[in-house]
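Please look through the sequence and the model shown below before reading on.

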Amino acid sequence: MTRQVLLLNSDKPEVLEALARRPDVTVRVITRKVYADLYRNHEVAYVDSFADLTQVEQAAYELAAHGPVDHVIAATEKSVVAAGLVRVLLGVPGPGFDQSLWGAHKRAMKDRLRAAGLPVTDHAQAATVDEVPRAAELTGWPVMIKPVFGAGSKCTYRVDSPEEFAERHLADGFADLAGKRLPVQVERLVRFTHEYHCDGVVHDGEVARAAVSRYFLPPLHSSPSLNSGYVADQTDPFSREVLDLHRRVIAALGLPAGVTHLEVFRTQAGPVIGEVAVRPGGMGISRMWWHAFGVDLWEEFVRVSAGEQPSRPDREPRRETIGRTRLPALPGLRERVLALPGVLEVLTPQECASPGHLEAYFTAADEAAAETFIARLHQLAGPAA
């Protein structure tokens, strides 16, 4: 029997490729018209934005008119909440609206995690950028400010005092954040030594597998062209703390299935949760997992989202430390990196679907060696990075 999947996606090719490997799956798509060429062979309904839930509702009913839907899959951060609404409207199993909101809306997420006794920094929601100082009176300065909905570190700023905020706001320093026309998440600055992420596969409400990795530099302190990291030692006491924290986060969110990307700060007082996303991590994290564990996180994402069992890797995890880094696609750089001992592969901009970037993956003896190797790769990229 053919399974009917309703996919909410933009330009993520990985999820389409995983779905295409299933001959018993038919895919209908909600997307924006700018991505129409990617879905020529599918039934499609268009929205201007996944944030416009009225449009999403209409698109879902339009596609549901072609027959029942078995699974709803949100492949991008922006579509997570919309997918939760669609599941409720169509009576489809999976994360509902509340659970989806907890995985995407930064204030709702942290309210939920704090209520479960999990470590998050003090936070408050400002209705507009103008209201940030009032919210910061509740959290204390310095603060990080960002839209309540958003991916990565876009429109994210550190502000140390009310005076600094006033000066920068007067100079339109937060114009892009104000332009989002969204409430603003205001968070007390977390002082940390390193930033980690824990990626996991959730099935039937339980963590089927998870692993901790460390960023070479925190994403906010790193150019997108040099975003780097490596798989941490899973037996290290801090890694074990993060793995347990990840398990507790999944329980607090009530997530029945999905792939998760949890960001964690290492502080003197222990781990503090940054954010959690219910989708595979970007910037080459999924490919790093494949090299380290023989697991394709996008394949796992489709499996558990479509009600299938998680896969069983056909090989043992590598014993070496596996690392990754983005690099600018400079002439000759790919060949120079490929010539280095320990490099597993260097993906072209076309292969990693990231214009202007290469993605390099390598093995190292341990975490210290991985850091040294990443620094060497960044040196090869030179000042153009």
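A polar contact is a pair of N or O atoms within 3.5 Å; within protein, one of the two must be able to donate a hydrogen and the other to accept it, and residues adjacent in sequence count only if both atoms are side-chain atoms. Helices (H or I, at least four residues) and strands (E, at least two) are DSSP runs, numbered from the N terminus. This is a predicted model, in which local features need pLDDT of at least 70 and side-chain atom pairs count only at pLDDT 80 or more, while totals for chains, interfaces and linings use all residues. Residues are numbered from 1 along each chain as its sequence is written, and side-chain values use heavy atoms, with hydrogens and water left out.

At the start of helix 11 (residues 297-305), a side-chain oxygen of Asp296 comes to within 2.9 Å of the backbone nitrogen of Trp298. Helix 11 is mostly covered, with 8 of its 9 residues buried, where buried means under 20% relative accessible area, exposed over 50%, and partly exposed in between (1.4 Å probe, protein chains only). Among the buried residues of helix 11 are Leu297, Trp298 and Phe301, and its buried residues pack against elements that include helix 1 (13-20), strand 9 (194-203) and helix 10 (285-293). After helix 11 comes Gly307, whose phi is positive, near 80°.

Strand 16 (residues 357-364) is largely enclosed by the rest of the structure, because 8 of its 8 residues are buried. On one side His357, Glu359, Tyr361 and Thr363 are buried, and on the other so are Leu358, Ala360, Phe362 and Ala364. Two strands pair if DSSP finds at least two bridges between them, and the table lists two partners of strand 16.

| Partner of strand 16 | Bridges | Direction | Example of a bridge |
|---|---|---|---|
| Strand 14 (residues 321-328) | 8 bridges | antiparallel | Thr321 with Ala364 |
| Strand 15 (residues 343-347) | 4 bridges | antiparallel | Val346 with Ala360 |

A nonpolar core is a set of buried Ala, Val, Leu, Ile, Met, Phe, Trp, Tyr and Cys residues joined through side-chain atoms within 4.5 Å. The largest such core has 41 residues, and Leu6, Leu8 and Val72 are among those with the most contacts inside it. Its largest share, 6 residues, comes from helix 9 (residues 237-253). A second, separate core of 32 residues includes Val231, Val295, Leu297 and Cys352. Cys352 counts as buried because its relative accessibility is 12%.

Notes
Contact = heavy atoms within 4.5 Å.
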